[in-house]
Amino acid sequence: MHELGLSTVRVSGRDVVTTVTALEYAELASSVGVRSGPIPVAAEAWASCQAALERLPVVGSAPAAHWQGVVLVAEPVFTAVGEVLARGSGRPLLHGDLREAVELSRNGPVTVVAGVGEITPERLAAIPADAPIGFVLGQDAADMSALVARTLLQGPALAALSDLSFDTLSGEDPAPGLLVGEQVTPTGLRAAIGDGVAVLAGSGHGRDCIMHLDGGGICGRAEDLPLLQLLPPIRDGWTEHPTSCQQGEGCWRGDFDIANHLRASEMRVAIAVLDSCRTAVAGGGAIRPDVSVPLTMLRGTAIAVLSALGTRSGAGYAGQLATALIRSGLSLGAVVGEVNRAITADPEGLGRLVLFGDAGLVAAPADPPIARRLDADGSVVVAEGGGAVLVECAALHPVESDGPLAVDRGVGASWVLTRAVGRRGGRLVAAGDTFDEAWEQRVHPWLTRLQALPYLGITPEARRLDAARRTAVAALRARSEATHAAAARYAADRFASVLDELADVQHGIVKQEVARVARSFYAFVDGWAEPWRVTSDVQPEMCPQCGIDGAVRHRVRPAAGAGPQLCYLVCARCGEVLAGDSRFGAEVVLHAPGEALRGAPFTVTAAITAPLDRPVDVAIGAAVVFESIFDMKSVTCQELRLGPGERLAIDLTVETGAGTFPDLQPVKVIVAADGAVQCLTRSVWLRV
């Protein structure tokens, strides 16, 4: 830099002119061009602007590839500031509100120029998380003029700097460019930043005016003496309270003095990602904007800050993903949208980030990422690099434990990171789906139904059920925590073993009940725990055996209502035709002959159909009561595994002998589907 006059400074071949009045600023705004014309800065903000320009690289003019989207002015008072930003970057200048910004963001990044007071928590919360929107804002027009000038002069130049990330919560070993745990002190972070970094991505706890470090924090105060000489009136119980230090009582973190903190405005950082709870503070927040960490950073060296709106949890790689996406040529607006998609797609993800800065800035222009497809063997090799690689697969795991990290973006694709997360390149394989849905829709209900069977007089092996539940829960957790393919496969095998175990328990139950039928005058309802709570339908329905409209459905709760909802269907002609769980996991239709010849076998056919949305395991068997007395014999039990919507017909053959009485003989069909058990009765007349 060198001065040309009292109000003009040459910055990398470009004139920067200080202005005293708003009129002077507006007049110069109309002459700004992408590569020509002076860039105006309000005089009262020039000192801080000049200091920031001296700390990080600058460029007088930049190719059009560094800018995308449109600039939208949300308040007329900031029209001139918006004009400087739009004309200096070669983008259209529009006027509108946040609703219009959201509509425009469907077509690309939208940079909203507005005062701090307009960007309130409720307005930020109303913006779609994946919208590529950023806010160029400041306490006043002077602050905003300095931020716009630095964005134009430093935004296209920052790619030459290195990146740095830190995680105060991580217990992992540090990697190049990564500070973790006790290393993340104010002194350690200041030293690591050194002469400046392009992107600083940090993860840790925070609250409003501070992001916690070990031994201090990143402090949102901008002045040496943040004490307010006159405390402002409190408008309501939630908005813009003066902090403890502003009331002269020191930092609210009583374990540290203010001097222990790292001041946000001092950090030599071009772009910051503060993945820390409640740091996205502008207007109308819990604290005053003058101690907001991101706003104070923007008054210092930073030209953009991504910070968390409300509480953030899970998706601990958000900051490193943002860094890699910036290095891959995405605009800052696209970056915040992609990071928020990844947070939403993460099973543990909670919260979102917002962008204070120019959404259309492309710090490191590159060709748009082209989605790679998996090879024929279901794998893909990603080389080590600083950017992010897009792969068309939602669930990927590295073959090696220190291989690439795949981040699901929620739309059937993943971003793959290497150097940004301290990993090397390597092969990834499709990991398959998680078991969350299978646990919620099948395994957990299956276990619950089996454990409720004592209310029906059936006692499954409690030890086996408890072990199956523990194995399933452990597999769920192992799959969620799997960081490489072998761990994911092991978890999948363990979860599959639970399905096999439950099917085996279920088969044993049906086999046991069929044996009881064959050696007794069996009635399934005899085992239901008393007293019952019964509600009977008023309107009879068609009997599935004889076809008359004379069957009444009784809804039974055993054990005085403590047991599961059961069904007892009784026909006025046939008697009992169905008894058991009212919420059965498959459709079962029996076809039996009305009569058969004594001494010859007859067949009862069971047509079983699985639900359209999930598979089902079925066990089925049939017997005639007291077979030894009536000289009859039935088939043994069968196990079936049906896919979604699959239908199978099973023939259950009953043999009759010369000693069988030629009379009405009831056949009891015991069927279980994913833990639900029913007994269906079909009576066949035997004739000589």
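**Reading a predicted chain**

Modeller: Leu 353 is buried, as its relative accessible area is 1%. Buried means under 20% relative accessible area, exposed over 50%, and partly exposed in between (1.4 Å probe, protein chains only). This is a predicted model, in which local features need pLDDT of at least 70 and side-chain atom pairs count only at pLDDT 80 or more, while totals for chains, interfaces and linings use all residues. Residues are numbered from 1 along each chain as its sequence is written, and side-chain values use heavy atoms, with hydrogens and water left out.

Biologist: Which strand holds Leu 353?

Modeller: Helices (H or I, at least four residues) and strands (E, at least two) are DSSP runs, numbered from the N terminus. Leu 353 belongs to strand E18, residues 350-356. The chain has 14 helices and 37 strands.

Biologist: Which residues does Leu 353 touch, not counting residues up to four places away in sequence?

Modeller: A contact means heavy atoms within 4.5 Å. Beyond residues up to four places away in sequence, Leu 353 touches residues including Val 273, Leu 274, Leu 306, Arg 312, Val 336 and Ile 343.

Biologist: Is Gln 139 buried or partly exposed?

Modeller: Gln 139 is partly exposed, because its relative accessible area is 36%. This residue sits in the loop between strand E8 (133-136) and helix H6 (141-154). Leaving aside residues up to four places away in sequence, Gln 139 touches Val 116, Pro 289 and Asp 290.

Biologist: How far does the backbone oxygen of Pro 289 lie from a polar atom of the side chain of Gln 139?

Modeller: A polar contact is a pair of N or O atoms within 3.5 Å; within protein, one must be able to donate a hydrogen and the other to accept it, and residues adjacent in sequence count only if both atoms are side-chain atoms. Here the distance is 3.4 Å.

Biologist: How does separation in sequence relate to distance in space?

Modeller: Gln 139 and Gly 115 are 24 residues apart in sequence, and their C-alpha atoms are 6.6 Å apart. For Leu 353 and Pro 289, the separation is 64 residues in sequence and 18 Å in space, C-alpha to C-alpha. Across the chain, 69% of contacts between residues at least 6 apart in sequence join residues at least 24 apart.

Biologist: What percentage of the 688 residues of the chain count as buried?

Modeller: The buried share is 53%. As for extent, the C-alpha atoms fill a box of roughly 125 × 60 × 45 Å along the principal axes.
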